[in-house]
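Keep the viewer open as you read.

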Amino acid sequence: MTDRSTAAILLLPPDGVSGTRKALSMSLWLAALAIPTLVPGYTPLANQMVVMILFALSLDLLVGFTGIVTLGHAALFGTGAYTAGILALRLTNDPLITALCGMAAAALVGLVTGSCMLRTKGLAFLVLSLAAAFMLHELANMASSVTGGDDGLQGVSFSPLLGVFEFDFRGHTAFYYSLACLFAAFLLVRRVVNSPFGWSLRGIRENDGRMRAIGCPIYARRLAAYVMSSALAGLAGALQAQTTQFVALNSLSLELSGDVLIMLILGGSGRLYGAFVGVPLFMFAQDLLAKEDPANWYLGQGLILMVMTLFVPGGVLGLVERLRRNLGRGGRR
Amino acid sequence: MLRLEGVTAGYGHTVILEGVDLSLPPGGLLAVLGRNGVGKSTLMKTIVGQTRLRQGDIRFGSETISGQPSYRRSRMGIGYVPQTRDVFPSLTVEENLRIAARPGKWTIERVFELFPNLSARRGNKGTEISGGEQQMLSIGRALMGNPSLLLLDEPMEGLAPVIVEQLLEAFHALRRDGDLALILVEQYVNLALNFSPTTIVLDRGRVVFSGDSERLRNDQVLMADLIGAGGQSKARH
(Lines give C-alpha, C1' and ligand atoms only; values in the text may rest on other atoms or scores of the structure.)
Protein backbone atom coordinates (compact mmCIF):
# COMPACT_ATOMS: atom_id res chain seq x y z
CA MET A 1 0.00 0.00 0.00
CA THR A 2 2.83 2.40 0.82
CA ASP A 3 4.21 2.32 -2.71
CA ARG A 4 0.99 3.59 -4.22
CA SER A 5 0.08 7.25 -4.30
CA THR A 6 -3.21 8.33 -2.76
CA ALA A 7 -4.55 9.23 -6.20
CA ALA A 8 -3.73 5.80 -7.55
CA ILE A 9 -5.41 4.12 -4.58
CA LEU A 10 -8.54 6.16 -5.17
CA LEU A 11 -8.59 5.54 -8.90
CA LEU A 12 -7.86 1.84 -8.81
CA PRO A 13 -10.59 -0.74 -8.43
CA PRO A 14 -10.46 -2.88 -5.28
CA ASP A 15 -7.96 -5.71 -4.89
CA GLY A 16 -8.84 -8.81 -6.82
CA VAL A 17 -9.68 -6.87 -9.97
CA SER A 18 -7.43 -7.74 -12.92
CA GLY A 19 -4.59 -5.49 -14.10
CA THR A 20 -6.31 -4.86 -17.46
CA ARG A 21 -9.44 -3.67 -15.70
CA LYS A 22 -7.42 -1.42 -13.42
CA ALA A 23 -5.64 0.10 -16.41
CA LEU A 24 -8.95 0.56 -18.26
CA SER A 25 -10.52 2.15 -15.24
CA MET A 26 -7.68 4.61 -14.80
CA SER A 27 -7.52 5.51 -18.50
CA LEU A 28 -11.27 6.14 -18.56
CA TRP A 29 -11.03 8.73 -15.81
CA LEU A 30 -7.88 10.31 -17.23
CA ALA A 31 -9.46 10.50 -20.70
CA ALA A 32 -12.51 12.19 -19.21
CA LEU A 33 -10.27 14.84 -17.64
CA ALA A 34 -8.86 15.66 -21.06
CA ILE A 35 -12.22 16.23 -22.82
CA PRO A 36 -12.37 20.05 -22.45
CA THR A 37 -8.84 20.30 -23.87
CA LEU A 38 -9.16 17.75 -26.64
CA VAL A 39 -12.72 18.46 -27.83
CA PRO A 40 -13.70 21.81 -26.28
CA GLY A 41 -16.80 22.13 -28.46
CA TYR A 42 -18.27 18.98 -26.95
CA THR A 43 -17.76 19.97 -23.30
CA PRO A 44 -21.44 20.88 -22.65
CA LEU A 45 -22.54 17.55 -24.20
CA ALA A 46 -19.93 15.71 -22.13
CA ASN A 47 -21.29 17.45 -19.03
CA GLN A 48 -24.80 16.24 -19.87
CA MET A 49 -23.42 12.74 -20.17
CA VAL A 50 -21.60 12.94 -16.86
CA VAL A 51 -24.81 14.05 -15.12
CA MET A 52 -26.76 11.23 -16.74
CA ILE A 53 -24.04 8.70 -15.85
CA LEU A 54 -24.36 9.77 -12.22
CA PHE A 55 -28.13 9.37 -12.48
CA ALA A 56 -27.79 5.93 -14.09
CA LEU A 57 -25.20 4.92 -11.48
CA SER A 58 -27.68 5.79 -8.73
CA LEU A 59 -30.23 3.56 -10.48
CA ASP A 60 -27.68 0.75 -10.80
CA LEU A 61 -27.45 0.57 -7.02
CA LEU A 62 -31.17 -0.29 -7.03
CA VAL A 63 -31.68 -2.27 -10.23
CA GLY A 64 -28.31 -3.93 -10.64
CA PHE A 65 -27.27 -4.57 -7.08
CA THR A 66 -30.49 -4.79 -5.05
CA GLY A 67 -32.90 -6.09 -7.68
CA ILE A 68 -35.37 -3.23 -7.24
CA VAL A 69 -36.74 -2.23 -10.64
CA THR A 70 -38.34 1.20 -10.60
CA LEU A 71 -39.99 3.39 -13.22
CA GLY A 72 -40.13 6.44 -11.00
CA HIS A 73 -36.47 7.30 -10.48
CA ALA A 74 -36.87 10.66 -12.23
CA ALA A 75 -39.00 11.78 -9.27
CA LEU A 76 -35.81 11.84 -7.20
CA PHE A 77 -33.72 13.43 -9.94
CA GLY A 78 -36.38 16.14 -10.32
CA THR A 79 -36.58 16.67 -6.57
CA GLY A 80 -32.83 17.40 -6.50
CA ALA A 81 -33.10 19.67 -9.53
CA TYR A 82 -36.06 21.68 -8.22
CA THR A 83 -34.56 21.95 -4.72
CA ALA A 84 -31.29 23.37 -6.10
CA GLY A 85 -33.14 25.66 -8.51
CA ILE A 86 -35.69 27.01 -6.02
CA LEU A 87 -33.02 27.57 -3.38
CA ALA A 88 -30.87 29.44 -5.89
CA LEU A 89 -33.78 31.74 -6.70
CA ARG A 90 -34.96 32.30 -3.15
CA LEU A 91 -32.29 31.61 -0.54
CA THR A 92 -28.74 30.88 -1.59
CA ASN A 93 -27.08 30.23 -4.92
CA ASP A 94 -23.97 28.55 -3.57
CA PRO A 95 -23.46 25.46 -5.75
CA LEU A 96 -22.22 23.16 -2.99
CA ILE A 97 -24.92 24.11 -0.48
CA THR A 98 -27.70 23.77 -3.07
CA ALA A 99 -26.28 20.44 -4.27
CA LEU A 100 -26.21 19.11 -0.72
CA CYS A 101 -29.76 20.34 -0.14
CA GLY A 102 -30.84 18.69 -3.42
CA MET A 103 -29.33 15.42 -2.20
CA ALA A 104 -30.97 15.75 1.22
CA ALA A 105 -34.39 16.56 -0.26
CA ALA A 106 -34.23 13.61 -2.64
CA ALA A 107 -33.08 11.34 0.19
CA LEU A 108 -36.03 12.50 2.28
CA VAL A 109 -38.48 11.88 -0.58
CA GLY A 110 -36.82 8.50 -1.06
CA LEU A 111 -37.19 7.70 2.63
CA VAL A 112 -40.88 8.66 2.73
CA THR A 113 -41.91 6.99 -0.54
CA GLY A 114 -39.54 4.05 -0.05
CA SER A 115 -40.94 3.34 3.43
CA CYS A 116 -44.33 2.66 1.85
CA MET A 117 -43.35 1.23 -1.52
CA LEU A 118 -40.68 -1.21 -0.30
CA ARG A 119 -43.27 -3.17 1.64
CA THR A 120 -44.14 -4.55 -1.80
CA LYS A 121 -41.98 -5.91 -4.60
CA GLY A 122 -42.12 -6.84 -8.26
CA LEU A 123 -45.08 -5.55 -10.23
CA ALA A 124 -46.72 -3.86 -7.23
CA PHE A 125 -43.53 -1.91 -6.52
CA LEU A 126 -43.24 -0.93 -10.19
CA VAL A 127 -46.77 0.45 -10.22
CA LEU A 128 -46.26 2.30 -6.92
CA SER A 129 -43.02 3.86 -8.19
CA LEU A 130 -44.90 5.09 -11.26
CA ALA A 131 -47.72 6.46 -9.11
CA ALA A 132 -45.30 8.33 -6.82
CA ALA A 133 -43.52 9.85 -9.82
CA PHE A 134 -46.83 10.91 -11.42
CA MET A 135 -47.93 12.54 -8.18
CA LEU A 136 -44.68 14.50 -7.79
CA HIS A 137 -44.84 15.55 -11.45
CA GLU A 138 -48.38 16.81 -11.00
CA LEU A 139 -47.53 18.58 -7.74
CA ALA A 140 -44.69 20.41 -9.48
CA ASN A 141 -47.05 21.35 -12.30
CA MET A 142 -49.70 22.62 -9.87
CA ALA A 143 -47.26 24.67 -7.77
CA SER A 144 -46.37 26.83 -10.76
CA SER A 145 -45.73 29.93 -8.60
CA VAL A 146 -42.77 28.09 -7.05
CA THR A 147 -41.69 25.70 -9.79
CA GLY A 148 -42.62 27.64 -12.92
CA GLY A 149 -45.06 24.86 -13.86
CA ASP A 150 -45.00 23.86 -17.50
CA ASP A 151 -42.59 26.70 -18.37
CA GLY A 152 -39.97 25.34 -16.01
CA LEU A 153 -37.83 27.18 -13.50
CA GLN A 154 -36.15 30.01 -15.35
CA GLY A 155 -33.53 32.61 -14.45
CA VAL A 156 -31.61 30.29 -12.16
CA SER A 157 -27.98 31.25 -11.64
CA PHE A 158 -25.29 30.07 -9.28
CA SER A 159 -22.36 31.82 -7.63
CA PRO A 160 -18.79 30.77 -8.55
CA LEU A 161 -17.83 27.33 -7.34
CA LEU A 162 -15.85 27.60 -4.06
CA GLY A 163 -16.10 31.38 -4.61
CA VAL A 164 -13.49 31.13 -7.39
CA PHE A 165 -14.62 29.21 -10.47
CA GLU A 166 -17.32 30.93 -12.53
CA PHE A 167 -19.75 28.74 -14.48
CA ASP A 168 -18.34 29.90 -17.85
CA PHE A 169 -20.13 29.78 -21.21
CA ARG A 170 -17.71 27.08 -22.50
CA GLY A 171 -18.94 24.80 -19.76
CA HIS A 172 -15.49 23.89 -18.41
CA THR A 173 -16.26 24.62 -14.74
CA ALA A 174 -19.58 22.81 -15.04
CA PHE A 175 -17.89 19.78 -16.59
CA TYR A 176 -15.08 19.47 -14.04
CA TYR A 177 -17.53 20.07 -11.19
CA SER A 178 -19.89 17.36 -12.45
CA LEU A 179 -16.99 15.02 -13.11
CA ALA A 180 -15.66 15.52 -9.57
CA CYS A 181 -19.12 14.76 -8.15
CA LEU A 182 -19.43 11.68 -10.37
CA PHE A 183 -16.00 10.49 -9.26
CA ALA A 184 -16.87 10.91 -5.58
CA ALA A 185 -20.21 9.14 -6.12
CA PHE A 186 -18.50 6.34 -8.03
CA LEU A 187 -15.98 5.77 -5.22
CA LEU A 188 -18.81 5.73 -2.71
CA VAL A 189 -20.93 3.27 -4.69
CA ARG A 190 -17.92 1.05 -5.39
CA ARG A 191 -17.08 1.05 -1.72
CA VAL A 192 -20.66 0.24 -0.78
CA VAL A 193 -21.14 -2.62 -3.23
CA ASN A 194 -17.85 -4.21 -2.18
CA SER A 195 -18.67 -4.02 1.53
CA PRO A 196 -20.64 -6.58 3.59
CA PHE A 197 -23.62 -4.25 3.18
CA GLY A 198 -23.24 -4.41 -0.61
CA TRP A 199 -22.89 -8.19 -0.53
CA SER A 200 -26.10 -8.36 1.45
CA LEU A 201 -27.82 -6.27 -1.25
CA ARG A 202 -26.69 -8.77 -3.87
CA GLY A 203 -27.83 -11.57 -1.60
CA ILE A 204 -31.26 -9.93 -1.36
CA ARG A 205 -31.39 -9.62 -5.15
CA GLU A 206 -30.57 -13.31 -5.58
CA ASN A 207 -32.50 -14.89 -2.72
CA ASP A 208 -34.21 -12.70 -0.17
CA GLY A 209 -35.66 -15.68 1.72
CA ARG A 210 -32.16 -17.04 2.33
CA MET A 211 -30.96 -13.61 3.42
CA ARG A 212 -33.76 -13.48 5.98
CA ALA A 213 -32.76 -16.92 7.23
CA ILE A 214 -29.21 -15.74 7.90
CA GLY A 215 -30.49 -12.82 9.94
CA CYS A 216 -30.62 -9.99 7.41
CA PRO A 217 -33.39 -7.41 7.89
CA ILE A 218 -34.45 -7.22 4.25
CA TYR A 219 -36.77 -4.24 4.46
CA ALA A 220 -34.23 -2.07 6.31
CA ARG A 221 -31.44 -2.95 3.88
CA ARG A 222 -33.61 -2.30 0.82
CA LEU A 223 -34.73 1.00 2.31
CA ALA A 224 -31.13 2.02 3.07
CA ALA A 225 -30.16 1.25 -0.54
CA TYR A 226 -33.19 3.16 -1.80
CA VAL A 227 -32.38 6.26 0.26
CA MET A 228 -28.73 6.17 -0.81
CA SER A 229 -29.74 5.82 -4.45
CA SER A 230 -32.27 8.66 -4.03
CA ALA A 231 -29.58 10.98 -2.62
CA LEU A 232 -27.31 10.27 -5.60
CA ALA A 233 -30.19 10.80 -8.05
CA GLY A 234 -30.90 14.08 -6.24
CA LEU A 235 -27.27 15.10 -6.66
CA ALA A 236 -27.51 14.37 -10.39
CA GLY A 237 -30.65 16.50 -10.56
CA ALA A 238 -29.00 19.36 -8.67
CA LEU A 239 -26.00 19.23 -11.02
CA GLN A 240 -28.37 19.35 -13.98
CA ALA A 241 -30.01 22.48 -12.57
CA GLN A 242 -26.68 24.11 -11.77
CA THR A 243 -24.94 23.38 -15.04
CA THR A 244 -27.88 24.18 -17.35
CA GLN A 245 -29.30 26.97 -15.13
CA PHE A 246 -32.79 25.72 -15.84
CA VAL A 247 -35.17 23.13 -14.40
CA ALA A 248 -37.84 21.68 -16.69
CA LEU A 249 -40.92 19.76 -15.62
CA ASN A 250 -39.49 16.99 -17.78
CA SER A 251 -36.92 16.31 -15.03
CA LEU A 252 -39.72 14.51 -13.13
CA SER A 253 -41.12 12.68 -16.12
CA LEU A 254 -41.78 9.03 -16.84
CA GLU A 255 -39.85 9.52 -20.09
CA LEU A 256 -36.69 10.37 -18.15
CA SER A 257 -37.22 7.41 -15.79
CA GLY A 258 -37.56 5.14 -18.82
CA ASP A 259 -34.56 6.64 -20.61
CA VAL A 260 -32.22 6.17 -17.66
CA LEU A 261 -33.37 2.58 -17.21
CA ILE A 262 -32.71 1.91 -20.91
CA MET A 263 -29.26 3.52 -20.64
CA LEU A 264 -28.39 1.25 -17.74
CA ILE A 265 -29.70 -1.87 -19.47
CA LEU A 266 -27.76 -1.00 -22.62
CA GLY A 267 -24.52 -0.69 -20.69
CA GLY A 268 -25.16 -3.60 -18.34
CA SER A 269 -26.66 -3.32 -14.88
CA GLY A 270 -24.97 -4.51 -11.71
CA ARG A 271 -21.49 -3.85 -13.12
CA LEU A 272 -20.73 -0.29 -11.88
CA TYR A 273 -19.37 0.74 -15.29
CA GLY A 274 -22.60 -0.13 -17.09
CA ALA A 275 -23.79 3.45 -16.68
CA PHE A 276 -20.52 4.73 -18.16
CA VAL A 277 -21.06 2.67 -21.31
CA GLY A 278 -24.84 2.86 -21.65
CA VAL A 279 -25.27 6.62 -21.31
CA PRO A 280 -22.89 7.68 -24.13
CA LEU A 281 -24.19 4.84 -26.31
CA PHE A 282 -27.79 5.93 -25.80
CA MET A 283 -27.08 9.63 -26.25
CA PHE A 284 -24.96 9.17 -29.40
CA ALA A 285 -27.52 6.78 -30.87
CA GLN A 286 -30.30 9.23 -30.07
CA ASP A 287 -28.33 12.05 -31.70
CA LEU A 288 -27.58 10.04 -34.84
CA LEU A 289 -31.10 8.71 -35.20
CA ALA A 290 -32.63 12.15 -34.70
CA LYS A 291 -30.36 13.54 -37.42
CA GLU A 292 -31.26 10.73 -39.83
CA ASP A 293 -35.00 10.85 -39.28
CA PRO A 294 -36.12 13.75 -37.05
CA ALA A 295 -39.78 12.67 -37.14
CA ASN A 296 -39.51 8.94 -36.47
CA TRP A 297 -36.28 8.43 -34.57
CA TYR A 298 -38.06 6.61 -31.73
CA LEU A 299 -38.56 3.74 -34.17
CA GLY A 300 -34.82 3.26 -34.51
CA GLN A 301 -34.32 3.58 -30.78
CA GLY A 302 -36.98 0.95 -30.15
CA LEU A 303 -35.36 -1.42 -32.63
CA ILE A 304 -31.94 -1.07 -31.00
CA LEU A 305 -33.48 -1.72 -27.61
CA MET A 306 -35.32 -4.81 -28.87
CA VAL A 307 -32.15 -6.24 -30.40
CA MET A 308 -30.15 -5.52 -27.24
CA THR A 309 -32.77 -7.05 -24.94
CA LEU A 310 -33.25 -10.17 -27.07
CA PHE A 311 -29.66 -10.88 -28.04
CA VAL A 312 -27.48 -9.05 -25.50
CA PRO A 313 -29.42 -9.40 -22.23
CA GLY A 314 -26.46 -8.42 -20.04
CA GLY A 315 -25.88 -5.19 -21.97
CA VAL A 316 -22.61 -4.25 -23.66
CA LEU A 317 -20.52 -5.11 -20.60
CA GLY A 318 -22.30 -8.44 -20.30
CA LEU A 319 -21.43 -9.17 -23.91
CA VAL A 320 -17.79 -8.22 -23.35
CA GLU A 321 -17.62 -10.47 -20.30
CA ARG A 322 -19.16 -13.38 -22.22
CA LEU A 323 -16.72 -12.94 -25.11
CA ARG A 324 -13.79 -12.73 -22.71
CA ARG A 325 -14.93 -15.92 -20.96
CA ASN A 326 -15.38 -17.74 -24.29
CA LEU A 327 -11.98 -16.59 -25.50
CA GLY A 328 -10.44 -17.76 -22.22
CA ARG A 329 -12.07 -21.17 -22.63
CA GLY A 330 -10.92 -21.35 -26.25
CA GLY A 331 -7.38 -20.50 -25.21
CA ARG A 332 -7.32 -23.24 -22.57
CA ARG A 333 -8.46 -25.93 -25.05
CA MET B 1 -33.46 -24.61 24.53
CA LEU B 2 -36.04 -25.39 21.81
CA ARG B 3 -39.56 -26.47 22.54
CA LEU B 4 -42.43 -26.98 20.11
CA GLU B 5 -45.87 -27.46 21.59
CA GLY B 6 -48.80 -28.56 19.45
CA VAL B 7 -47.38 -26.95 16.33
CA THR B 8 -49.68 -27.01 13.32
CA ALA B 9 -48.20 -25.29 10.28
CA GLY B 10 -48.06 -25.28 6.50
CA TYR B 11 -48.05 -23.11 3.42
CA GLY B 12 -51.01 -20.86 2.64
CA HIS B 13 -54.16 -22.93 3.14
CA THR B 14 -52.29 -26.24 3.12
CA VAL B 15 -51.56 -27.81 6.49
CA ILE B 16 -48.43 -30.00 6.55
CA LEU B 17 -47.57 -30.38 10.25
CA GLU B 18 -50.22 -31.26 12.80
CA GLY B 19 -49.78 -31.01 16.55
CA VAL B 20 -46.01 -31.50 16.57
CA ASP B 21 -44.31 -31.55 19.98
CA LEU B 22 -40.58 -31.71 20.47
CA SER B 23 -37.95 -30.43 22.83
CA LEU B 24 -34.19 -30.14 22.65
CA PRO B 25 -31.86 -29.15 25.50
CA PRO B 26 -28.87 -26.82 25.02
CA GLY B 27 -26.12 -28.66 23.15
CA GLY B 28 -28.54 -31.53 22.42
CA LEU B 29 -28.76 -33.64 19.29
CA LEU B 30 -31.90 -34.73 17.50
CA ALA B 31 -32.38 -36.72 14.33
CA VAL B 32 -35.58 -36.24 12.33
CA LEU B 33 -36.55 -39.20 10.17
CA GLY B 34 -39.45 -40.13 7.96
CA ARG B 35 -40.43 -41.01 4.43
CA ASN B 36 -40.37 -38.44 1.65
CA GLY B 37 -43.00 -35.74 1.90
CA VAL B 38 -43.99 -36.30 5.53
CA GLY B 39 -43.08 -32.77 6.63
CA LYS B 40 -39.43 -32.98 7.74
CA SER B 41 -38.31 -29.92 5.78
CA THR B 42 -41.51 -28.11 6.72
CA LEU B 43 -40.65 -28.72 10.37
CA MET B 44 -37.25 -27.05 9.84
CA LYS B 45 -38.84 -24.15 7.97
CA THR B 46 -41.43 -23.74 10.71
CA ILE B 47 -38.71 -23.45 13.34
CA VAL B 48 -36.96 -20.72 11.32
CA GLY B 49 -40.22 -18.93 10.51
CA GLN B 50 -40.67 -19.66 6.82
CA THR B 51 -44.12 -21.27 7.04
CA ARG B 52 -47.52 -20.21 8.29
CA LEU B 53 -47.93 -21.24 11.91
CA ARG B 54 -51.61 -21.98 12.51
CA GLN B 55 -51.57 -23.34 16.05
CA GLY B 56 -49.17 -24.06 18.86
CA ASP B 57 -46.12 -22.37 20.25
CA ILE B 58 -42.41 -22.39 19.53
CA ARG B 59 -40.08 -21.40 22.36
CA PHE B 60 -36.37 -20.77 22.00
CA GLY B 61 -34.48 -20.24 25.22
CA SER B 62 -36.84 -18.40 27.53
CA GLU B 63 -38.76 -16.63 24.76
CA THR B 64 -41.62 -17.55 22.52
CA ILE B 65 -40.58 -16.99 18.92
CA SER B 66 -43.84 -17.93 17.21
CA GLY B 67 -44.51 -14.37 16.05
CA GLN B 68 -40.91 -13.43 15.30
CA PRO B 69 -39.81 -12.88 11.70
CA SER B 70 -37.24 -15.20 10.22
CA TYR B 71 -34.30 -12.78 10.45
CA ARG B 72 -34.88 -12.20 14.19
CA ARG B 73 -34.92 -15.95 14.87
CA SER B 74 -31.59 -16.18 13.09
CA ARG B 75 -30.20 -13.33 15.18
CA MET B 76 -31.44 -15.05 18.33
CA GLY B 77 -29.20 -18.00 17.46
CA ILE B 78 -31.01 -20.36 15.10
CA GLY B 79 -28.85 -21.36 12.13
CA TYR B 80 -30.42 -23.15 9.18
CA VAL B 81 -28.82 -25.12 6.36
CA PRO B 82 -31.56 -25.71 3.77
CA GLN B 83 -31.79 -28.72 1.52
CA THR B 84 -31.34 -26.44 -1.50
CA ARG B 85 -28.07 -24.95 -0.11
CA ASP B 86 -28.95 -21.53 -1.55
CA VAL B 87 -25.41 -20.35 -2.11
CA PHE B 88 -25.34 -16.81 -3.54
CA PRO B 89 -23.97 -17.28 -7.07
CA SER B 90 -22.58 -13.77 -7.63
CA LEU B 91 -20.63 -13.72 -4.36
CA THR B 92 -17.30 -15.41 -3.75
CA VAL B 93 -16.93 -18.17 -1.17
CA GLU B 94 -15.42 -15.67 1.26
CA GLU B 95 -18.19 -13.11 0.65
CA ASN B 96 -20.83 -15.83 1.08
CA LEU B 97 -19.37 -16.51 4.51
CA ARG B 98 -18.70 -12.93 5.64
CA ILE B 99 -22.22 -11.82 4.65
CA ALA B 100 -23.58 -13.88 7.57
CA ALA B 101 -20.91 -13.01 10.14
CA ARG B 102 -21.95 -12.15 13.68
CA PRO B 103 -19.66 -11.87 16.70
CA GLY B 104 -18.79 -15.12 18.40
CA LYS B 105 -16.35 -17.96 18.34
CA TRP B 106 -17.11 -18.95 14.75
CA THR B 107 -14.88 -16.83 12.56
CA ILE B 108 -13.97 -17.29 8.92
CA GLU B 109 -10.62 -18.83 9.94
CA ARG B 110 -12.41 -21.38 12.08
CA VAL B 111 -14.81 -22.26 9.26
CA PHE B 112 -11.83 -22.71 6.93
CA GLU B 113 -10.25 -24.94 9.56
CA LEU B 114 -13.39 -27.08 9.61
CA PHE B 115 -13.66 -27.12 5.81
CA PRO B 116 -10.16 -26.72 4.30
CA ASN B 117 -11.64 -27.12 0.78
CA LEU B 118 -13.36 -23.77 1.18
CA SER B 119 -10.14 -22.02 2.11
CA ALA B 120 -8.60 -23.12 -1.17
CA ARG B 121 -11.64 -21.82 -3.06
CA ARG B 122 -12.17 -18.60 -1.11
CA GLY B 123 -11.98 -16.41 -4.25
CA ASN B 124 -14.28 -18.60 -6.39
CA LYS B 125 -17.86 -17.55 -7.05
CA GLY B 126 -20.62 -19.57 -5.41
CA THR B 127 -21.33 -21.38 -8.66
CA GLU B 128 -17.69 -22.15 -9.38
CA ILE B 129 -17.40 -24.83 -6.69
CA SER B 130 -18.59 -28.45 -6.51
CA GLY B 131 -21.88 -29.56 -4.96
CA GLY B 132 -20.07 -30.86 -1.90
CA GLU B 133 -18.22 -27.59 -1.47
CA GLN B 134 -21.50 -25.71 -1.85
CA GLN B 135 -22.89 -27.81 0.99
CA MET B 136 -19.83 -27.02 3.11
CA LEU B 137 -20.27 -23.36 2.26
CA SER B 138 -23.91 -23.46 3.26
CA ILE B 139 -22.99 -25.04 6.61
CA GLY B 140 -20.07 -22.64 7.09
CA ARG B 141 -22.34 -19.68 6.37
CA ALA B 142 -24.81 -20.87 9.00
CA LEU B 143 -21.96 -21.26 11.51
CA MET B 144 -20.70 -17.72 10.77
CA GLY B 145 -23.90 -16.47 12.38
CA ASN B 146 -22.68 -18.10 15.61
CA PRO B 147 -25.88 -20.02 16.30
CA SER B 148 -26.65 -21.97 19.44
CA LEU B 149 -28.96 -24.26 17.44
CA LEU B 150 -28.14 -25.53 13.96
CA LEU B 151 -30.78 -27.10 11.71
CA LEU B 152 -29.41 -29.33 8.96
CA ASP B 153 -31.88 -30.36 6.28
CA GLU B 154 -30.63 -33.45 4.43
CA PRO B 155 -27.05 -32.22 4.15
CA MET B 156 -25.80 -35.47 2.56
CA GLU B 157 -28.37 -35.47 -0.24
CA GLY B 158 -26.80 -36.21 -3.62
CA LEU B 159 -23.21 -36.05 -2.40
CA ALA B 160 -20.36 -38.43 -3.23
CA PRO B 161 -19.35 -40.85 -0.43
CA VAL B 162 -16.01 -39.12 0.10
CA ILE B 163 -17.77 -35.78 0.68
CA VAL B 164 -20.29 -37.45 3.00
CA GLU B 165 -17.32 -38.72 5.05
CA GLN B 166 -15.88 -35.20 5.26
CA LEU B 167 -19.20 -33.73 6.31
CA LEU B 168 -19.73 -36.43 8.90
CA GLU B 169 -16.30 -35.70 10.33
CA ALA B 170 -17.26 -32.02 10.51
CA PHE B 171 -20.55 -32.86 12.27
CA HIS B 172 -18.71 -34.98 14.81
CA ALA B 173 -16.32 -32.06 15.40
CA LEU B 174 -19.34 -29.82 15.99
CA ARG B 175 -20.82 -32.39 18.35
CA ARG B 176 -17.55 -32.65 20.29
CA ASP B 177 -17.65 -28.89 20.67
CA GLY B 178 -20.58 -29.47 23.00
CA ASP B 179 -22.35 -26.12 23.12
CA LEU B 180 -24.10 -26.25 19.74
CA ALA B 181 -27.46 -28.02 19.58
CA LEU B 182 -28.10 -29.83 16.29
CA ILE B 183 -31.20 -31.05 14.53
CA LEU B 184 -30.39 -33.33 11.61
CA VAL B 185 -32.99 -34.24 9.01
CA GLU B 186 -31.64 -37.21 7.13
CA GLN B 187 -32.76 -39.84 4.63
CA TYR B 188 -29.81 -42.08 5.50
CA VAL B 189 -31.39 -43.73 8.52
CA ASN B 190 -28.41 -45.53 10.05
CA LEU B 191 -26.20 -42.50 9.64
CA ALA B 192 -28.71 -40.34 11.50
CA LEU B 193 -29.35 -42.94 14.23
CA ASN B 194 -25.62 -43.37 14.82
CA PHE B 195 -25.09 -39.63 14.96
CA SER B 196 -27.84 -38.64 17.36
CA PRO B 197 -28.86 -40.35 20.63
CA THR B 198 -32.46 -39.14 20.23
CA THR B 199 -34.75 -39.34 17.24
CA ILE B 200 -38.21 -38.35 16.17
CA VAL B 201 -40.01 -39.94 13.24
CA LEU B 202 -42.62 -38.01 11.30
CA ASP B 203 -45.45 -39.50 9.32
CA ARG B 204 -48.03 -37.40 7.48
CA GLY B 205 -47.12 -34.35 9.51
CA ARG B 206 -47.34 -36.00 12.93
CA VAL B 207 -44.68 -37.28 15.32
CA VAL B 208 -45.12 -41.06 15.38
CA PHE B 209 -41.97 -41.88 17.32
CA SER B 210 -39.96 -39.90 19.80
CA GLY B 211 -37.21 -41.47 21.88
CA ASP B 212 -33.84 -43.19 21.96
CA SER B 213 -32.18 -43.78 18.61
CA GLU B 214 -30.82 -47.06 19.90
CA ARG B 215 -34.30 -48.41 20.55
CA LEU B 216 -35.28 -47.69 16.98
CA ARG B 217 -32.05 -49.07 15.59
CA ASN B 218 -32.52 -52.35 17.48
CA ASP B 219 -36.16 -52.80 16.50
CA GLN B 220 -36.11 -53.51 12.75
CA VAL B 221 -39.85 -54.24 12.68
CA LEU B 222 -40.68 -50.89 14.24
CA MET B 223 -38.24 -49.13 11.95
CA ALA B 224 -39.69 -50.80 8.85
CA ASP B 225 -43.16 -49.89 10.04
CA LEU B 226 -42.30 -46.22 10.68
CA ILE B 227 -39.82 -45.48 7.95
CA GLY B 228 -40.50 -48.21 5.43
CA ALA B 229 -38.36 -49.96 2.86
CA GLY B 230 -37.23 -46.63 1.43
CA GLY B 231 -35.59 -45.77 4.70
CA GLN B 232 -33.90 -49.14 4.85
CA SER B 233 -32.59 -48.89 1.33
CA LYS B 234 -30.87 -45.66 2.20
CA ALA B 235 -29.19 -47.21 5.21
CA ARG B 236 -25.56 -46.12 5.29
CA HIS B 237 -22.67 -46.20 7.74
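The report below goes from domains to the chain contact, then to the core and a helix pair.

The model is predicted, so local features need pLDDT of at least 70 and side-chain atom pairs count only at pLDDT 80 or more, while totals for chains, interfaces and linings use all residues. Residues are numbered from 1 along each chain as its sequence is written, and chains are lettered from A and ligands numbered from 1 in the order in which they are written.

**Domains of chain A.** Chain A is assigned domain 1 (1-36) and domain 2 (39-251); such bounds come from an automatic or database domain assignment. Over C-alpha atoms, the domain centres are 25 Å apart. Six residues of domain 1 of chain A are in contact with eleven of domain 2 of chain A, contact being C-beta atoms, placed from the backbone, within 7 Å. On the domain 1 side, helix H2 (residues 19-38) of chain A gives the most, four residues. Helices here are DSSP runs (H or I, at least four residues), numbered from the N terminus.

**Where the chains meet.** Here, 20 residues of chain B are in contact with 16 residues of chain A. H2(B) provides the largest share of the chain B side, four residues.

Ala, Val, Leu, Ile, Met, Phe, Trp, Tyr, Cys and Pro count as nonpolar, Asp, Glu, Lys and Arg as charged, and the others, Gly among them, as polar.

| H8(A) with H11(A) | six residues | two residues | no residues |

**The helix pair.** Helix H8 (residues 172-193) and helix H11 (residues 218-244) of chain A pack at about 175°, their axes 10 Å apart. They are therefore roughly antiparallel, the word for angles over 145 degrees. Ala174(A), Ser178(A), Cys181(A) and Ala185(A) in H8(A) meet Leu232(A), Leu235(A), Leu239(A) and Thr243(A) in H11(A).

**The core and a buried helix.** Among the 164 residues of the largest nonpolar core, those touching the most other members are Ile53(A), Leu54(A), Ala56(A), Leu235(A) and Leu151(B). A nonpolar core joins buried Ala, Val, Leu, Ile, Met, Phe, Trp, Tyr and Cys residues through C-beta atoms within 7 Å. In chain B, helix H1 (residues 40-48) has nine of its nine residues buried, meaning 20 or more other C-beta atoms within 10 Å of a residue's own. Just after H1(B), Gly49(B) has a positive phi of about 90°.

Definitions and conventions:
Two residues are in contact if their C-beta atoms, placed from the backbone, lie within 7 Å. Helices (H or I, at least four residues) and strands (E, at least two) are DSSP runs, numbered from the N terminus. A residue is buried if 20 or more other C-beta atoms lie within 10 Å of its own, exposed if 12 or fewer, and partly exposed in between; C-beta atoms are placed from the backbone. Axes are lines fitted to C-alpha atoms, for helices over the stretch in contact, and angles run from 0 to 180 degrees between N-to-C directions. Angles under 35 degrees count as roughly parallel, over 145 as roughly antiparallel, 65 to 115 as roughly perpendicular and the rest as oblique.
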